[in-house]
Amino acid sequence: SILLFLVGYSTGVVIGFMCGLIYGKFYFDKAEETGERGWLWFRRLWIWDHLHSYFGIKIVYEDDQICYLEEPAIFALHPHGLATISSILGFGLFRTSEHDSLFSKIHITAASIVFSVPIWIELALWIGAIKVSRKVMEATLDCGEHILVMPGGMQEVVLSQRHMLDIYDEHRGIFRVSMEKNIPIIPVFCKGENTSFHTYNVFGSIRKWLLGKIGYPFPTFFLGPFKSNIHIIIGPQLDPNDYEDVEELRHAFYLEFARLILKYAPEEVLGDNVSKWVQAIKDK
């Protein structure tokens, strides 16, 4: 019996080692820098219809010509929300062939931590996600593909509240990329994203400290996801050639974003960061 145990144990170790080697080949293939493992069949599975229905996903184009974009563009989405449902379901698991020509060429950017966890990394790569780093984003744009960025990043997760819309608007990296690469940036307002979860603002200092250390505000306590109506409003293109510098482009972007809020969600309770841009629109 001892001999059988040793034979079985050693066989298991060998099989586990071989499986590890095989998985490692894919785990460390740097697909998160190219998005080359995007799987259209997976993105269009019928099962996503149920999630689209539960969250009330709807795509609204301010300019229908965006559906036919041929040159690379930057889609910049707010708010991030707790689980960025809008980007995953709206742009990643878009289900129908209606959006194939555009969405199949959009690579969602994700935090590095997503590509460090087995299973998570596979799901992210299957929807064509790439690492949110300047080098990777610029390489993707150079290949003629589009990118979807959440400028608020994980800082916006900390601001996420179910009954209040707020954003983090201090990052400037994506606007620099737009100016330097001469690539248009498109504001995307996700109405209802923040209503999908109820978050509890506890352990605030610990969450902020861990956000700086590991890139995620852990621990995050929440309830949800709740059934909601998420409308993804894709605004018009902003041409960087129309602006003098990064700050002017950023200012124009957030004014346009505020205009989308006033047009599509005038009833929203607004946080401080959003309020200042909405007020700027009203004062014009």
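Residues are numbered from 1 along each chain as its sequence is written, and side-chain values use heavy atoms, without hydrogens and water. Because the model is predicted, local features need pLDDT of at least 70 and side-chain atom pairs count only at pLDDT 80 or more, while totals for chains, interfaces and linings use all residues.

**Cores.** A nonpolar core is a set of buried Ala, Val, Leu, Ile, Met, Phe, Trp, Tyr and Cys residues joined through side-chain atoms within 4.5 Å. Buried means under 20% relative accessible area, exposed means over 50%, and partly exposed lies in between (1.4 Å probe, protein chains only). The largest core has 44 residues, and among those touching the most other members are Phe75, Phe91 and Ile234. Beyond its neighbours within four places in sequence, Ile234 is in contact (heavy atoms within 4.5 Å) with residues including Ile59, Phe75, Phe103 and Val188. A second, separate core holds 34 residues, including Val136 and Leu249.

**Helix α3.** Helices (H or I, at least four residues) and strands (E, at least two) are DSSP runs, numbered from the N terminus. Helix α3 spans residues 48-55, and its residues Trp48, His52 and Phe55 are buried. These three lie on the same side of α3 because they cover an arc of only 80° around the axis, taken from the directions from the helix axis to the C-beta atoms. An α-helix has 3.6 residues a turn, so residues three or four places apart point the same way. His50 and Ser53, on the other side of α3, are exposed. The buried residues of α3 pack against α2 (40-43) and α4 (85-92).

**Strand β5.** In β5 (residues 146-149), His146 and Leu148 are buried on one side, and Ile147 and Val149 are buried on the other. Two strands pair if DSSP finds at least two bridges between them. Strand β2 (residues 74-78) runs parallel to β5, with three bridges; Ala76 has Val149 as its bridge partner.

**Aromatic pairs.** Rings of Phe, Tyr and Trp (its six-membered ring) pair if their centres lie within 6.5 Å; planes under 30 degrees apart count as stacked, over 60 as edge-to-face and the rest as tilted. The whole structure has 15 such pairs. Two are tabulated here.

| Pair | Centre distance | Plane angle | Type |
|---|---|---|---|
| Trp39 and Trp126 | 5.2 Å | 75° | edge-to-face |
| Tyr254 and Trp277 | 5.4 Å | 25° | stacked |

Tyr254 and Trp277 are buried, whereas Trp39 is partly exposed at 37% relative accessibility.
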